Structure formats: structure tokens, C-alpha cells
Amino acid sequence: MTGNLDLIPVSEWGFFTLPRPMVIAGPCSAESEEQLMETARGLAAFGIHVLRAGIWKPRTHPGGFEGIGAPGLKWLQRAQRELGMKVCTEVAGERHVAECIKYGVDMVWIGARTTANPFLMQEIADALSGSDIPVLVKNPVNPDLDLWIGALERLNRAGVRKLGVIHRGFTTMKNIPYRNEPGWRIAIELRTRFPQLPFFADPSHMGGSRKYLLELSQRAMDLGLEGLMIESHCNPDCALSDAKQQLTPKELEVLLGEQLQVRDADSDARDYRENIDQLRARIDIIDESLLETLKARMSISEKIGQYKKEHNIAILQAGRWDSLLDNILRKGREEHIDERFLRMLFNDIHEESVRLQNEILDGTKE
Ligand code: PEP
Ligand code: MN
């Protein structure tokens, strides 16, 4: 199902010069006028035209650097004036929106914690109603696609037609190297449902470390996303927030100009290759999740085997398998999946379940 958002194409926003990627860069936080201007100059020097800087910072603990607040908006104006840059910042409520409108901020983004909150999203949508400011919506912290779409719908209903999304990954309890779990599947699902939405990846907040920026940016490009939002600071180690994940403008220039492989869609042959790579990257992700699903299914099957053993019950119950298969085949028909293939697949899965339960019953597996 493709969704119906009423959008103005990103090519008409006057922000980005193609080709891919469209880049938004700048410090996690605006800290001082000097820091912001030095970073902005470094970025403008190699053709970055859209500057990000957090003015109000959502921090986990109180008492840290919670952003410079409204005075920083004047510094953004200076970057607009002196460097001709477009500037953007995060808004998390109507007061922020009002300040951004007052100071002529060119674009705003919604942070992951805010997207997860429909009350705040409605408040922001109402505050933006009637303005022409483009809005980029980060995914919610939890992997809930509907919450993400709901936030987009609220903005769109309020009349925001210059809309885009930023994928920054999800909070997870798993032990992974990244700060947030990429969860690319959800990004792909959103892309499939709203192919016309401009799509940015945020490898900085996804990875949480400079060392992951290239691989995550590359993945985003290979999936065919059109933009990157990357944190850059003139002196990253001294940054007041997110020091570990920021790059100097020079380092960012190398990453974007020399390391990142962006296949250009000029010729038909290349276009073909690019599509194949994107599709393969999607297949890899789906296969990984198929494996996880299979593993989860097998472990439940083992638990059932254990339970049957404790209660002295036989492994096969006539009727259970037939009704399970009927159910699968019925759903398969609705999804237009070939019946012969489904029978084969589920017979194999069933056979493996029975084998595992047999091992448990005869004591070869504990
Ligand atoms: C940010 O972009 O500075 C930020 C706080 O990001 P997120 O909402 O993704 O955590
Ligand atoms: Mn940050």
C-alpha cells in the first residue's frame, strides 16, 4: 500500500543541488558563535549548503549542556547572511517553532524523542500551520513505523507539504556495536509506502562513533536513500555533546568525496547496476531477519518438545499439523505466494521441528 501524503517534491524546495547525496551537516549543538561559524565555513568551503545545529538539545540527564537556546538563532542567521547557507535546527514544541519562524530558520527537524509523542507532534503541526518551512521527521526512538507515519500525517494535515524523513535507528536492548539499531527494514518499508518522500540517513546518531560513519553512509546510499545528515564540528573532541561521533569538516570532505561510493545514475547500464545493488541489499536484510525468525521458531519448538517430554505426550498430534498448514496456505493465497512452494517450505520446517523434538525425547539433546 502506498500512502497518500500531499507533498511538494524536494527538487522544488531550493535547498539541495543534485546529484545524490543531498547533505545536511553541522555540529550536534551550536555552542558559540565562533564554533558555529568556523564549522560552517569549513563546510561551505567544499560545497555543503545546508547547515544543521541543535539549539535546544534533548539530553537524557538534566544538568548537562541543554543547548544554547534562542541566542544561537542569531548565529544561524549569520551563517545564512555571510555564507549563503540554508540553516536548520530541531524543534520539540510550539515555542521552538515560534522562535524559528521569528528568526527565519530555513528548515526544521523533529527529533526521535518527539516523533514518538503524538501530543507534541500535534502541537508542532499546529504551530507550523501556515508557514512554508520544510520539516524533516526523524524516526521515533522505538521501531514503530505507524508512529513515524502518524507524525508525518499530522504535519501534512496541518498543511506542511515540504516533508522528508531522517532514519537514525532505534533504541535497543541488544548488544550491538552501534549506538542505535539500524533497523533498515523499517526504513525500507516506509520508502516502499511513500516513495516520493525525501529520505535522509543519520549515520552519526545511528553509529554513535566516527568509525561507523562510512559503513552506515554507504549502506544508506546502497539502499538508494537520497540524503545524509551528518554531524560535523570544527573541534570534535571538545564538543559539548556527541563528541565521539562528530567529524571535522575536512574529514567529512574526505568521507563524502573520496570514500563514499555513490553510483551515478547517468547511463542506463549504471542505473541497472544501482537498482540491483539496492535490491540485493534489501534481500540481505530480509534474509538476516528470516534467519532470526527461524531461530526463534526452532527454540519455541524445542520448548514444546521439553514440555511434551515432561508430560509424557507423543510428538505428533494428528490434526495440529493439518490445521497449521491449512492456515498457512490460506494466508499464502491471500498474499499470492505459490502454494507448492509454501507446502515444501513448511514441510521442511515441520520436519526439522519433529527432528529436534525427537532428540529431546530420546535424550540426545537437552
Ligand atoms: C540530533 O540530531 O542532534 C539529535 C538529538 O538526534 P536524535 O533525535 O536522532 O537523537
Ligand atoms: Mn547529536
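How many salt bridges does the rule find across the interface of domain 1 and domain 2? The rule finds 1. A salt bridge here is a side-chain nitrogen of Lys or Arg within 4 Å of a carboxyl oxygen of Asp or Glu.

This is a predicted model: local features need pLDDT of at least 70, side-chain atom pairs count only at pLDDT 80 or more, and totals for chains, interfaces and linings use all residues. Residues are numbered from 1 along each chain as its sequence is written, chains are lettered from A and ligands numbered from 1 in the order in which they are written, and side-chain values use heavy atoms, with hydrogens and water left out.

**View 1. Domain 1 meets domain 2.** The domain assignment gives domain 1 (10–259) and domain 2 (270–362); such bounds come from an automatic or database assignment. Their centres, taken over C-alpha atoms, are 40 Å apart. In contact (heavy atoms within 4.5 Å) are 10 residues of domain 1 and 8 residues of domain 2. The buried area is about 790 Å², with 57% from carbon and sulfur atoms. In domain 1, R185, R219 and L223 lose the most area to domain 2, together 47% of what that side buries. Buried area is the accessible area (1.4 Å probe) that two parts lose on being put together, summed over both.

**View 2. R78 pairs with E33.** Their side chains form a salt bridge of 3.0 Å, N to O. R78 sits in helix α2 (residues 71–83) and E33 in helix α1 (residues 33–44), 45 residues apart. Helices (H or I, at least four residues) and strands (E, at least two) are DSSP runs, numbered from the N terminus. E33, R78 and E82 are linked in a salt-bridge network.

**View 3. D202 pairs with K138.** The closest N and O atoms are 2.7 Å apart. D202 lies in the loop between β7 (199–201) and α8 (203–207), and K138 in strand β5 (residues 135–138), so the pair ties together parts that are 64 residues apart in sequence. Are these two residues buried or exposed? Both D202 and K138 are buried. Buried means under 20% relative accessible area, exposed over 50%, partly exposed in between (1.4 Å probe, protein chains only).

**View 4. R355 pairs with E359 in helix α13.** Their closest N and O atoms are 3.0 Å apart. The two residues are 4 apart, about one turn of the helix. R355 counts as partly exposed because its relative accessibility is 40%.
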